[in-house]
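The entries follow the order in which I looked things up.

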Amino acid sequence: MDSQGGPYLNIRALCSPLGAARVCQLAMGCAVIALVIHNAGYSGSHGVFCMAAWCFCFAMTVVVFFLDATRLHSCLPISWDNLTVTCAAFATLMYVTASVVYPLFFVQSECPYAGCEVRNFRIAVTVCSILGALAYGAEVALCRARPGQAVVGYMATVSGLLKVVQGFVACIIFGALANGSEYSRYVATIFCVVVYAFCFALTALVVVMTVCGRTKAVRCLPFDRFVVVCTLLEVLLYLSASVVWPVFCFDTKYGTPWRPSSCPQGRCPWDSKLVVAVFSCVNFALYATDLIYSQRTRFASSHNSRRV
């Protein structure tokens, strides 16, 4: 018992819908890792990515569950609600990606010469990974701010969750850039890389400030206005990159609009350029949606405050 007469452990960390979701996350994470190590196996960069994603998310969930159950998170100078929903959203994206990549590269429709045991284990890994993604998604749904309810933290809003998705998409872009994209051939494509890096840093800054509870004001700007200004800048920069990158990669003057037949599978610069182009447009749409939602939310809150 603590000094106020309550239990030392947080019973709601287990006996609540949120606690049940985290227990399912731990169970599915443990099952996936055990199945992969036991017989499913992994190899190559895609397998290493999937295994790293599952291990990282499992370790992160263990820390979150332990801190919540013991109430030790109250000793940390952070916004606990913002941190947990950010971790859950990020883990959802990681699990969804691994649930697509692993069966795509490791599950075959026909049994190999060694028999069907390895294939069946890999199918089980995929199923457990999908269930884990659903468990993390359930935590995001339970923590997400809804209309008419008091907002617990900025990261629980649609705008905050979009920040996590934007950062994740930027990581995909960076991975494609590092995979022989030949971005250094032109100044224009180097400009696009600078745009991706700057916008990622700005998004990460907003997330870190929110998680650390530094949301009172930034110089002379309230935090919500600071976020809107940053998002507008990111929309303009991504708009320019979404136009410049395809022109300097696929126009006949600088490159080729069609994939070269001699390009090696998995190490083709054209494929990397295409991935960057597609996800640049995806992130532009995410930032534009974020800007619209942030502005409407700010307008609604300001309107309500004037009525009071």
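**Basis.** I worked from a predicted model, in which local features need pLDDT of at least 70 and side-chain atom pairs count only at pLDDT 80 or more, while totals for chains, interfaces and linings use all residues. Residues are numbered from 1 along each chain as its sequence is written, and side-chain values use heavy atoms, with hydrogens and water left out.

**Fold.** I counted eight helices and two strands in the chain; these are DSSP runs numbered from the N terminus, with helices being H or I of at least four residues and strands E of at least two. Read from the N terminus, the order is α-α-α-α-α-α-β-β-α-α.

I found 40% of the 308 residues buried, meaning under 20% relative accessible area with a 1.4 Å probe, protein chains only. The chain exposes about 16,600 Å², computed by the Shrake-Rupley method with a 1.4 Å probe. Carbon and sulfur atoms supply 69% of that area. I then took contacts (heavy atoms within 4.5 Å). Of those between residues at least 6 apart in sequence, 74% join residues at least 24 apart.

**Cavities.** How many cavities of 30 Å³ or more does the structure hold? I found two, a cavity being a set of points on a 1 Å grid over the protein atoms alone where a 1.4 Å probe fits but cannot get out, with lining residues having an atom within 4 Å of a point. Points are joined across faces, edges and corners, and the volume is the space filled by probe spheres set on them.

The largest cavity has a volume of about 70 Å³. Its lining consists of R22, Q25, M60, T61, V64, T84, C87, A88, Y136 and E139. The elements giving two or more residues to this lining are α1 (17-40), α2 (44-70), α3 (80-106) and α4 (117-143). I sorted the lining into five nonpolar, three polar and two charged residues.

The second largest cavity holds about 40 Å³. Its lining includes S181, E182, R185, Y186 and T189, and also F248, C249, Y254, G255 and K273. This lining divides into four nonpolar, three polar and three charged residues.

**Helix α1.** Which elements do the buried residues of α1 pack against? I noted α2, α3 and α4. Among the buried residues of α1 are R22 and Q25, together with G19, L26, G29 and V32. Just after α1, I recorded a positive phi of about 75° at G41.

Terms used. Buried < 20%, exposed > 50% of the residue type's maximum accessible area, 1.4 Å probe, protein only. 1 Å grid on protein atoms, 1.4 Å probe; cavity = no way out; pocket = protein on both sides within 12 Å on 5 of 7 lines; lining within 4 Å. Nonpolar A, V, L, I, M, F, W, Y, C, P; charged D, E, K, R; others polar.
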